[in-house]
2 protein chains.
Amino acid sequence: MIPKRSKYAIQALKCLAKVYRDKKHLSIATIAEQEHIPRKFLEAILLQLRNGGMVGSKMGANGGYFLVKHPDEIVLSSIIRATGGPIALLPCVSLNFYEECIECPHEELCGLHDVMLEVREASIHILSKTSLADLILREKKLARKAESKRK
Amino acid sequence: MIPKRSKYAIQALKCLAKVYRDKKHLSIATIAEQEHIPRKFLEAILLQLRNGGMVGSKMGANGGYFLVKHPDEIVLSSIIRATGGPIALLPCVSLNFYEECIECPHEELCGLHDVMLEVREASIHILSKTSLADLILREKKLARKAESKRK
DNA sequence: ATAATATCCTACTTATCCGATAGGAATAAT
DNA sequence: ATTATTCCTATCGGATAAGTAGGATATTAT
């Protein structure tokens with residue numbers, strides 16, 4: 001499981017992506033309210049994303065946050081990583097939280113390691129081909145589908 | 001990430017799978033030593049697996065644990081589930097640890113939910129086609145590969 | 001029978017991490 | 001100035017995971 005932190009980050013960035021072309025910025029409070037995220041917690045998360053170079057900020061009254069890259073270029077896997085969320089199911093197959101198993105004499109001979117690598121690759125494949133723009137597009141499709149179903 | 005508990009469970013069951021055809025059983029102590037798992041912890045895990053009907057046990061001196069099903073029929077996903085390990089990356093797409101997001105008005109309209117479902121399906125697909133027998137087979141292949149590489 | 005060897009069962013400890021909060025300093029717009 | 005906002009550090013409480021303790025119960029071997 002990825003931490004809530006990562007999920008909140010994705011939601012927040014999705015909000016920012018929606019106003020990207022208008023070159024608008026959004027305040028923490030606005031995003032927090034829109035997405036039902038605890039305000040102070042979101043503050044910490046956005047700060048982390050900013051220090052990681054994923055978003056920009058404008059201080060002072062009428063300030064806020066904005067994306068520094070196009071929503072097409074920001075993919076889910078990098079958001080998860082930037083917020084400290086592990087994707088792999090085991091430490092020994094994690095790129096960012098790697099830890100070797102004491103019990104494995106040779107990692108390259110471990111069958112479980114091998115399988116878990118496959119799982120990781122499959123997950124990362126999906127998560128790094130899906131951008132914020134894709135996410136928004138997906139929601140539009142889902143809305144249309146629900147609409148046509150309701151009739 | 002899945003808990004260590006689940007990983008230990010897989011290792012232990014792999015041991016039992018290796019002696020399955022000889023209708024042997026192994027004691028906790030034996031497995032613990034072989035796999036470098038804390039003895040008492042393994043005890044708790046095997047007990048859980050037994051109560052879940054995945055393994056059988058024989059009490060008393062010269063007792064131990066054994067598989068009740070063929071190693072072909074025991075897949076990784078069910079071991080992970082039996083030991084309380086989540087496979088999904090978010091609670092809202094988890095089969096066994098489902099929790100709805102307060103922030104999502106309609107789950108069916110959430111793009112993230114949609115993507116995470118895909119990730120879950122991909123992971124489960126791999127984990128439920130891989131059995132203990134496959135795991136052992138994989139290790140044999142890896143060993144052969146390493147052998148031919150060493151030359 | 002008795003001793004030795006196992007599993008069974010419940011409860012506990014301990015450490016770590018996660019989610020969330022507090023409080024104020026710095027900065028910019030009006 | 002006042003107000004709105006980000007920036008920064010520190011902290012708290014609760015949950016969960018990993019591992020431990022100790023004894024009850026069952027079986028085998030001698």
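In this predicted model, a base oxygen of DNA strand D lies 3.1 Å from a polar backbone atom of A61(B), a polar contact being a pair of N or O atoms within 3.5 Å; within protein, one atom must be able to donate a hydrogen and the other to accept it, and residues adjacent in sequence count only if both atoms are side-chain atoms. Residues are numbered from 1 along each chain as its sequence is written, and chains are lettered from A in the order in which they are written. Local features need pLDDT of at least 70 and side-chain atom pairs count only at pLDDT 80 or more, whereas totals for chains, interfaces and linings use all residues; side-chain values use heavy atoms, without hydrogens and water.

Chain A also meets the strand. A polar side-chain atom of E43(A) is 2.3 Å from a base nitrogen of DNA strand D, and one of S57(A) is 2.4 Å from a phosphate oxygen of DNA strand D. Two or more residues of the surface near the strand come from each of α3 (39-51), β1 (55-58) and β2 (64-67) of chain A and from α1 (4-18) and α3 (39-51) of chain B. Here helices (H or I, at least four residues) and strands (E, at least two) are DSSP runs numbered from the N terminus. The largest share, five residues, belongs to α3(A). A residue is near the strand if one of its heavy atoms lies within 4 Å of it; of the 27 residues around DNA strand D, those that come nearest include I28(A) and Y65(A).

How many residues does the contact between the two chains take from each? It takes 41 residues from chain A and 41 residues from chain B, contact meaning heavy atoms within 4.5 Å. Because 100% of the interface residues of chain A are also interface residues in chain B, the copies meet through the same surface. Together the chains bury about 3,700 Å², 69% of it on carbon and sulfur atoms; buried area is the accessible area (1.4 Å probe) that two parts lose on being put together, summed over both. M1(A), L89(A) and E103(A) supply 21% of the area that chain A buries against chain B, more than any other three residues.

Four salt bridges are counted between the chains, each a side-chain nitrogen of Lys or Arg within 4 Å of a carboxyl oxygen of Asp or Glu. One salt bridge joins the side chains of R138(A) and E118(B) (3.2 Å, N to O). On the side of chain A that touches chain B, α5(A) gives the most, with eleven residues.
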